[in-house]
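Dear colleague,

I am handing over a structure to you with this email, and I would ask you to look it over before reading on. My notes on what was found follow below.

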Amino acid sequence: MVEKAISGVQRMCVVDVRTEWWLWGLMCHASSFTLQPEDRVVVAGHPVTLSCAVAGYHGIVLWTKDGLGLGVEKQLPGFPRYSIVGDHAAGEYSLRIEKAELIDDAVYECQATHAALRSQPARLTVLNNSVS
């Protein structure tokens with residue numbers, strides 16, 4: 001964590017010394033969530049989207065599932081039903097799950113890694129669609 005006064009405003013950023021010039025020039029500003037994921041309930045087999053938007057941020061966004069990183073690409077390798085959707089230029093990084101399955105029942109979080117921001121956790125509850 002590094003503190004630096006820029007234009008009279010004290011700011012804190014996580015900085016990798018090797019790329020400090022890039023992070024201070026591009027990432028170290030007042031980024032904040034404008035939309036955070038909320039708890040959702042979905043019936044298995046249906047799609048669901050967990051929302052995430054970060055104002056003033058153009059870095060890497062990572063979604064986690066029960067604390068484990070899912071990846072940072074639009075199409076998440078290893079998770080063929082998952083994708084990051086939205087206008088990234090506008091700071092939109094929502095997680096879309098096609099055909100939810102019981103294994104998707106978990107706690108999810110959106111992280112703007114270079115700004116050291118973590119969203120509120122959101123519980124996704126997947127209901128079994130079988131009728132007894």
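Leaving out neighbours up to four places away in sequence, Phe33 is in contact, meaning heavy atoms within 4.5 Å, with Cys52, Ala53, Val54, Cys110, Leu117, Arg118 and Ser119. Please keep in mind that this is a predicted model, in which local features need pLDDT of at least 70 and side-chain atom pairs count only at pLDDT 80 or more, while totals for chains, interfaces and linings use all residues. Residues are numbered from 1 along each chain as its sequence is written, and side-chain values use heavy atoms, with hydrogens and water left out.

To stay with Phe33, this residue belongs to strand 3, residues 32-35, where helices (H or I, at least four residues) and strands (E, at least two) are DSSP runs numbered from the N terminus. Phe33 counts as buried because its relative accessibility is 16%, the term buried meaning under 20% relative accessible area, exposed over 50% and partly exposed in between, with a 1.4 Å probe and protein chains only. Between the C-alpha atoms of Phe33 and Glu92, which are 59 residues apart along the chain, the separation is 9.8 Å.

As for the chain as a whole, its secondary structure comes to one helix and 13 strands, and from the N terminus on the elements run β-β-α-β-β-β-β-β-β-β-β-β-β-β. The chain has 132 residues, of which 35% count as buried, and among the contacts with a separation of 6 or more, 50% are between residues 24 or more positions apart.

Three strands form an open sheet in the order 5-10-9 with antiparallel pairing, two strands being paired if DSSP finds at least two bridges between them. Its edge strands, each pairing on one side only, are strand 5 (48-50) and strand 9 (82-85). Strand 9 pairs with strand 10 (residues 94-97) over four bridges in the antiparallel sense, and Ser83 stands opposite Arg96 in strand 10.

Finally, Lys65, found in strand 7 (residues 61-65), is buried yet has no salt bridge, since Asp104, the nearest side chain of opposite charge, is 4.1 Å away, and a salt bridge is a side-chain nitrogen of Lys or Arg within 4 Å of a carboxyl oxygen of Asp or Glu. Residues touched by Lys65, not counting those up to four places away in sequence, include Leu70, Tyr82 and Asp104.

With kind regards

Terms used. Lys, Arg positive; Asp, Glu negative; His and termini not counted.
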